Amino acid sequence: MAQRSSLSIRIVEGKNLPAKDITGSSDPYCIVKVDNEPIIRTATVWKTLCPFWGEDYQVHVPPTFHTVAFEVLDEDALSRDDVIGKVCLTRETLASHPKGFSGWVHLTEVHPDEEVQGELHLRLEVEPGARGRRLRCSVLEARDLAPKDWNGTSDPFVRVSYKGQTQETSVVKKSRYPRWNETFEFALQDGAAGAVCVEVWDWDLVSRNDFLGKVVVDVHSLCVAQQEEGWFRLQPHQAKRRRLCVEGNLGSLQLEVRLRDETVLPSSFYQPLVQLLCQEVKLGSQGPGQLIRVIEETTSRECRQEVATSLLKLFLGQGLAKDFLDLLFQLELSRTSEANTLFRSNSLASKSMESFLKVAGMQYLHSVLGPIIDRVFEEKKYVELDPSKVEVKDVGCSGLHRPPGAAAVLEQSVQTLRAHLAALLRALGGSTRACPAPLRATFRQLFRRVRERFPGAQHQHVPFIAVTSFLCLRFLSPAILSPKLFHLRERHADARTSRTLLLLAKAVQSVGNMDAPASRAKEAWMEPLQPAVRQGVAQLKDFISKLVGEEEAPGPPEPDLQTLSLHAPPVKEGRLFILRTKGRGPLTSSSFKKLHFSLTTEALSFAKTPSSKKITLIKLANIRAAEKVEEKSFGISHVMQVIYTDDAGRLQTAYLQCKCVNELNQWLSALRKASVHNTGLLGSYHPGIFRGDKWSCCHQRDKTDRGCDKTRSQVTLQEWNDPIDHDLEAQRIYQHLLGVEAALRKKHLELSRDPKAGPEEVPEDSLAQLLRVLQELQEAHGRSSEPRHLLQLQE
């Protein structure tokens, strides 16, 4: 049994943000932190007070996390970025919204006394003595304290107070991971009450000391327990209230956040459910198709995408993805009478196919669409087809030439879009063999099923439109409209580029609709593109004919998708800076060298260029931790460390620098997921470096000393190419079915009373088996959730 927690985060938009630049605008972006650990940075939206991001993330987090915070900042090129405000959601808040927290939230001021982080390691004891009982408080160490000084560190000391008596530890200079190991004693009276307050402060020579957080322990509870020891989370000052602003004067943020806490049972508990669903899919058209049809009918539109994704991943793991999609195709075709409405609704078939395209075809999408998107971003040409929206002044002029007129702008725009559309169709037409085998097989089956359902010359376009409804309308066009969401670009497009992408996406949609008259009638100003669209339709039909007409050549079987998803860890490639450790010189930012790195199923390797011979740096099985490095260590940001064992079994560390916080977290996620099953993973590490004769983080002089901070191996970003967690997907399907159990029982009752059903179908049909399996799983979860006595150190 395992506890899994994950966050589904959608950062939608902001509004009414304050102006931070002299131009009366701002360049806002958002940083997402889980327990003060930055894990996500959105793109910057330039020159606006009402930014739209529309970015989605899935994050795996430890079940014990406390808060998720959204900080909005204004990006500045020459100075430190300005903090606009933040929204903080506690775990309790998210847990109280099972369907997810959604809505507009006012940004609040970032106040120094409330910006506390970190934990304090204490040992508290009540001991008898000749003169009465004594309270002994041992201040051992702290970790991950807030940096309060300009150099990214603090000079922490601890102040312990009880009944008007105060004692202080020594000051540890320049450390966010101090160790004190100091003990203080206080006299306890009979019937002792009150609380002992342990405060952490940053010492300053000239200015006022900065508050770092506090821990309050009830003495009466301590007297009962006699002894408490552990890591206590630092809390903000309750006495110092935030300076309240006029509501909304810092703007608002629209968020959608859902916390999922799941108790995943051992695989054997899910086998009856998995076998029942697989049996339904294997029977296909020969079976009743009852379970899948009933699941679709009882699934609301809001959660249909989520259910479709879980079902798809479950069947991928069982090698039945193609059969599952084929069954969905047949079910939708059986209830569709009009060919022009086929696969246009948000059915389970449409949502499952969308998920399948992302799982199986993301790399293919990048190879086909990536160069065209890059060209659009690099050229930054002004493109407009709507005469009512042409702005001649935005076109600019070259040298002594006058700006072109509106007619010339329209003509240039048509030529530009034709060129982009032609380049895309050429790339697509030449990618038949590059298209992944699972995609080709699925499109081939879809084409055949639709042609069987709509035969005849009058429906000759329908099988092609069925394929393009997914390939063009649900895959290529959304990626063109929002390239950042499909990882085609790191930043959102500016207004000019966005318009070009929108018009190109419309052209692709027209080609995907096979130049249907209905699509042409909507926007008459797209008419100048019709010759290119008609030519594109012919090219696209030729591509689809080749795609669905080619059977797999005999020979060695190609690795199928479920095999790759089951056994291949995330593959990550890119250019990073690695620390050159040769010589005895100081470790500085200039010691880093840029190389091309590749993470495979076997090792982390590097080479001078992507085409050069790769040299193995670290074997995957030898990785013990992948963590961030304090900025002060090298004086640069976005450095990570990979801790591994060499051939002699000694711990070694490789330091790698990324270009931004998102790339840093992506590499950390890939490394953590790739090494999740390694033996000997570390529970603690040093976030600093060993410089001279001590660690820069905690100042300990023993290089082999245990780490001063806990590792964060459970914090990872979910990607479409992640290995499939079969038990987790089965648990999610069970959880969904349990939520609609009443509807399932009602449906079973209706089917049982159906006079068309034979008596042999009633006693133990597939739906009755499903209800029985759900009850058994519910009982298993009930047995696994027996009360556990957890020691609550503090509220």
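**Notes on helix packing and aromatic contacts**

1. Let's start with a helix pair: the axes of H10 (residues 462–481) and H11 (residues 495–512) come within 9 Å of each other and cross at roughly 175°. That makes H10 roughly antiparallel to H11, a label for angles over 145 degrees. Axes here are lines fitted to C-alpha atoms, for helices over the stretch in contact, with angles from 0 to 180 degrees between N-to-C directions. Helices are DSSP runs (H or I, at least four residues), numbered from the N terminus.

2. A word on the basis of all this: the model is predicted, so local features need pLDDT of at least 70 and side-chain atom pairs count only at pLDDT 80 or more, while totals for chains, interfaces and linings use all residues. Residues are numbered from 1 along each chain as its sequence is written, and side-chain values use heavy atoms, leaving out hydrogens and water.

3. On the H10 side the contact (heavy atoms within 4.5 Å) includes Thr468, Cys472 and Leu476, and on the H11 side Leu501, Ala505 and Val508 are among the residues involved. By class, the H10–H11 contact has ten nonpolar, four polar and no charged residues. Nonpolar covers Ala, Val, Leu, Ile, Met, Phe, Trp, Tyr, Cys and Pro; charged covers Asp, Glu, Lys and Arg; the others, Gly among them, are polar.

4. Do look at the aromatic cluster formed by Phe329, Phe343 and Phe470. Phe329 and Phe343 make an edge-to-face pair, 5.8 Å centre to centre with 80° between the planes. Phe329 lies in H6 (residues 321–334) and Phe343 in the loop between H6 and H7 (348–379), so this pair ties together parts 14 residues apart in sequence. Rings of Phe, Tyr and Trp (its six-membered ring) pair if their centres lie within 6.5 Å; planes under 30 degrees apart are stacked, over 60 edge-to-face and the rest tilted.

5. Phe343 is buried, at 0% relative accessible area, where buried means under 20% (1.4 Å probe, protein chains only). Phe343 also forms a tilted pair with Phe470, at 5.3 Å and 55°. Because Phe470 lies in H10, that pair ties together parts 127 residues apart in sequence. Phe329 is buried at 1%, and Phe470 at 0%.

6. Finally, two charges over rings (CZ of Arg or NZ of Lys within 6 Å of the ring centre and within 35 degrees of the ring normal). Arg143 sits over Trp231, 3.8 Å from the ring centre, and Arg453 over Phe454, at 4.7 Å.

Definitions and conventions. Helix = DSSP H or I, 4+ residues; strand = E, 2+ residues; numbered from the N terminus. Parallel < 35°, antiparallel > 145°, perpendicular 65-115°, else oblique. Buried < 20%, exposed > 50% of the residue type's maximum accessible area, 1.4 Å probe, protein only.
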